[in-house]
Amino acid sequence: MRPLKIVAIVIGALLILVGLGLLVPGAFLLWAHETQRDETGFYETSPRAVVTDTYALVSPDFTVSMGDVTDWVPKDWAGTVRLRAISSEKEIFVGVGPSDQVRAYLAGVAYDEVQSFSAWDARLEFRPVPGSASPAPPGEQGFWQIALSGSAPPPVDWEVRSGDWTVVIMNADASPGIRADLSLGAKFDFLFPIAVGLAVAGVVFLLVGIVLVILGARPSRPEPGAPGPAPYGTHPPDGYGDTAYPQDRYGAHYPPVDRGREQQPPAR
């Protein structure tokens with residue numbers, strides 16, 4: 001096999017692997033985009049029942065650093081986080097605020113901090129933070145980036161922005177004892193273009209790799225002027241002598257057949 005054909009097969013095999021590596025995640029993202037979103041375009045977990053006897057349920061502080069991304073990326077591509085809380089006992093308050101101001105507001109107040117929230121099961125883990133102070137009603141505070149309250153308030157849809165943030169769930173009257181159904185969601189408009197790009201690139205790499213493998217595996221054509229197989233009945237090359245057998249169309253040698261002797265009856 002010629003070296004160029006071996007190179008074509010190796011490169012083609014590598015391109016096929018790269019194509020599959022791009023096509024599989026691209027196809028998965030397209031499937032999720034078409035089947036796992038709600039009517040508003042959000043990926044959302046099923047409701048989880050949260051119960052605490054403290055004054056608040058608080059997320060860990062999380063830092064978002066967008067840098068200069070928003071200067072060249074469409075605003076909607078930054079992502080939107082959805083938080084939905086419904087209570088059948090009291091009006092519930094949901095707010096997102098700067099971490100330092102939230103911590104100052106809850107200083108000395110007993111609350112539970114969420115340690116893990118699983119999207120696949122009902123497991124919720126908390127870290128209790130002790131305290132003896134009573135907080136002021138959360139709706140009276142002016143530092144919230146976004147806040148909603150009610151027995152079944154609409155979901156809090158927060159467009160992600162740079163900064164240090166904390167999510168707080170409380171009773172609207174700042175009383176202890178929270179009983180609510182909580183769900184989280186997110187919306188990322190950039191996932192669809194990424195999914196299409198991965199799928200298209202995967203198909204292109206896959207097709208090019210298959211073509212290269214096929215071209216490399218094809219048998220080579222004989223070069224112009226190269227001798228072909230000897231026709232039937234011709235003598236073999238020098239060295240076989242005058243007693244050499246004739247050749248068939250594929251070059252194999254067979255002994256000649258004596259037709260006269262073949263017709264004589266057997267001796268008695």
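Trainee: What does Arg127 count as, judged by its relative accessibility?

Mentor: Buried means under 20% relative accessible area, exposed over 50%, and partly exposed in between, with a 1.4 Å probe and protein chains only. At 38%, Arg127 counts as partly exposed. This is a predicted model, where local features need pLDDT of at least 70, side-chain atom pairs count only at pLDDT 80 or more, and totals for chains, interfaces and linings use all residues. Residues are numbered from 1 along each chain as its sequence is written, and side-chain values use heavy atoms, with hydrogens and water left out.

Trainee: Which residue forms a salt bridge with Arg127?

Mentor: A salt bridge puts a side-chain nitrogen of Lys or Arg within 4 Å of a carboxyl oxygen of Asp or Glu. Glu113 is the partner, with the closest N and O atoms 3.3 Å apart. The two sit in distant parts of the chain, Glu113 in strand 7 and Arg127 in strand 8, 14 residues apart. (Helices, H or I of at least four residues, and strands, E of at least two, are DSSP runs numbered from the N terminus.) Glu113 is buried, with a relative accessible area of 9%.

Trainee: Which residues are linked with Glu113 and Arg127 in a network of salt bridges?

Mentor: Asp61 and Arg103 join them in the network. Arg103 meets Glu113 at 3.3 Å, N to O. Arg103 lies in helix 3 and Glu113 in strand 7, so this pair ties together parts 10 residues apart in sequence. Arg103 also forms a salt bridge with Asp61, at 2.7 Å between the closest N and O atoms. Asp61 is in the loop between strand 3 (56-58) and strand 4 (62-64), so its pairing with Arg103 in helix 3 ties together parts 42 residues apart.

Trainee: How many aromatic pairs does a search of the whole structure find?

Mentor: Rings of Phe, Tyr and Trp (its six-membered ring) pair if their centres lie within 6.5 Å; planes under 30 degrees apart are stacked, over 60 edge-to-face, the rest tilted. The search finds 7. Tyr105 and Trp144 have ring centres 6.3 Å apart and planes at 85°, so they are edge-to-face. Tyr105 lies in helix 3 (residues 99-105) and Trp144 in the loop between strand 8 (124-129) and strand 9 (146-150), so the pair ties together parts 39 residues apart. Both residues, Tyr105 and Trp144, are buried. Phe143 and Trp144 have centres 4.6 Å apart and planes at 45°, so that pair is tilted. Ring pairs link Phe93, Tyr105, Phe143 and Trp144 into a cluster.
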